[in-house]
Amino acid sequence: MEILQSIHIRAMLKNFLLTLSILSVGCATIAQEAKKDTSYWKKKTAFGANFNQASFNDAWSSVQGAKGSVGFNVFFNAKGEYNRGKVNWVNDLQMQYGLQDNGSGLRKTIDRIFFDTKLGSKISPQWLFIANLNFQTQFSKGYNYGAGVEVANPDGTTSKADLLVSNLFSPAYITESIGLEWKPSKVFNMSFAPGALRQTIVADNNIAFTKTGERYGVPDGKTFKNDVALMQIVATLDKDVAKNINLKARYALFIKYNDLAAMDNRLDAKFTAKVNKYISTTFDIIAMYYQDQSAKLQVAQNLGIGLLYTFP
């Protein structure tokens with residue numbers, strides 16, 4: 001078993017390093033061939049891949065109590081901002097995906113697709129009238145491990161199956177809003193949108209209930225739910241907080257007009273510390289409170305070190 005696990009780890013590491021090499025060459029080629037942008041666009045693209053691994057011999061595991069693991073995650077961020085006269089148009093794409101194996105098979109550690117487009121017209125040096133569209137979902141299936149029905153094992157014992165709780169477009173959130181944005185600096189902005197609309201989609205009918213009779217707030221037998229906000233507030237920060245350390249954060253508050261006590265809150269934050277031109281350490285944290293999903297605060301975090309390439 002240890003030999004098979006060692007072979008599996010080496011094969012996974014080999015594939016990971018090969019992927020990094022191919023992506024590094026491709027990114028370098030694109031950067032060299034790109035012409036200087038003389039338009040009204042300001043663009044930034046970043047790709048990162050992190051790897052983590054831990055292993056222990058039998059003596060250590062039997063005395064200290066530890067289990068080896070191997071994992072990796074990748075992210076891709078692309079942002080473009082257009083400024084000309086009173087017109088401001090910002091597009092932001094963020095994708096993250098991570099896997100880890102600690103002997104129980106591959107399991108997700110992070111999974112996120114985020115796209116935001118915002119068109120604004122300046123009405124003063126710090127205020128804009130904006131129209132905004134936001135889309136969020138994930139790439140693949142997610143499970144609540146060991147939370148399903150009882151199943152029989154080949155050795156005669158029983159165990160609980162894994163419970164499918166999420167998938168691509170399950171859930172997915174689409175939010176449309178019109179309002180005002182306060183932009184006091186290049187690194188921070190806050191928008192206020194009364195009457196924002198949000199659609200919650202659960203396309204996979206096999207998704208288990210997160211609450212009795214509903215999945216992510218979508219009633220049983222339905223795949224779609226529409227919510228109207230009394231007010232939506234979104235604040236974003238993209239700032240170098242220290243030398244070679246960047247913080248990118250987004251906080252969103254959605255106040256439903258028909259249930260003021262059920263305010264949806266979500267914070268996404270990413271710290272990136274550059275070791276050198278190509279190596280970085282990243283720390284991601286997501287904290288959210290959606291009453292439609294859980295009565296408790298949901299928190300996820302991920303730490304890694306690996307390749308970072310930005311262009312232009």
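**Exercise 1. Determine whether Arg250 is buried or exposed, and identify the side chain that it meets in a salt bridge.**

Step 1. Arg250 has a relative accessible area of 13% and is therefore buried; buried means under 20% relative accessible area, exposed over 50%, and partly exposed in between, with a 1.4 Å probe and protein chains only. The values belong to a predicted model, in which local features need pLDDT of at least 70 and side-chain atom pairs count only at pLDDT 80 or more, while totals for chains, interfaces and linings use all residues. Residues are numbered from 1 along each chain as its sequence is written, and side-chain values use heavy atoms, with hydrogens and water left out.

Step 2. The side chain of Arg250 meets that of Asp116 in a salt bridge, at 4.0 Å from N to O. A salt bridge is a side-chain nitrogen of Lys or Arg within 4 Å of a carboxyl oxygen of Asp or Glu.

Step 3. Because Arg250 lies in strand β16 and Asp116 in strand β4, the pair ties together parts that are 134 residues apart in sequence. Strands (E, at least two residues) and helices (H or I, at least four) are DSSP runs, numbered from the N terminus.

Step 4. Asp116 also counts as buried, at 10% relative accessibility.

**Exercise 2. State how many salt bridges a search of the whole structure finds, and describe the pairs Asp292 with Lys256 and Asp268 with Arg266.**

Step 1. The search of the whole structure finds 14 salt bridges.

Step 2. In one of them, the side chains of Asp292 and Lys256 meet at 2.7 Å, N to O. This pair links distant parts of the chain, 36 residues apart: Asp292 is in the loop between β18 and β19, and Lys256 is in strand β16. Both Asp292 and Lys256 are buried.

Step 3. The side chains of Asp268 and Arg266 meet in a salt bridge at 2.8 Å, N to O. Asp268 is buried, with a relative accessible area of 7%, and Arg266 counts as buried at 15%.

Step 4. Salt bridges that share partners join Arg198, Lys225, Asp227, Lys256, Asp264 and Asp292 into one network.

**Exercise 3. Describe the largest cavity and its lining.**

Step 1. Four cavities of 30 Å³ or more are found in the whole structure. On a 1 Å grid over the protein atoms alone, a cavity is a set of points where a 1.4 Å probe fits but cannot get out, a pocket is an open set with protein on both sides within 12 Å along at least five of seven lines, and lining residues have an atom within 4 Å of a point.

Step 2. The volume of the largest cavity is about 180 Å³; grid points are joined across faces, edges and corners, and a volume is the space filled by probe spheres set on the points.

Step 3. Its lining has 16 residues, and Gln136, Thr175, Gln232, Ala252 and Tyr290 lie nearest the centre. Two or more lining residues come from each of β5, β10, β15, β16 and β17 (263-274). The largest share, four residues, is that of β16.

Step 4. The lining divides into six nonpolar, six polar and four charged residues. Here Ala, Val, Leu, Ile, Met, Phe, Trp, Tyr, Cys and Pro count as nonpolar, Asp, Glu, Lys and Arg as charged, and the others, Gly among them, as polar.
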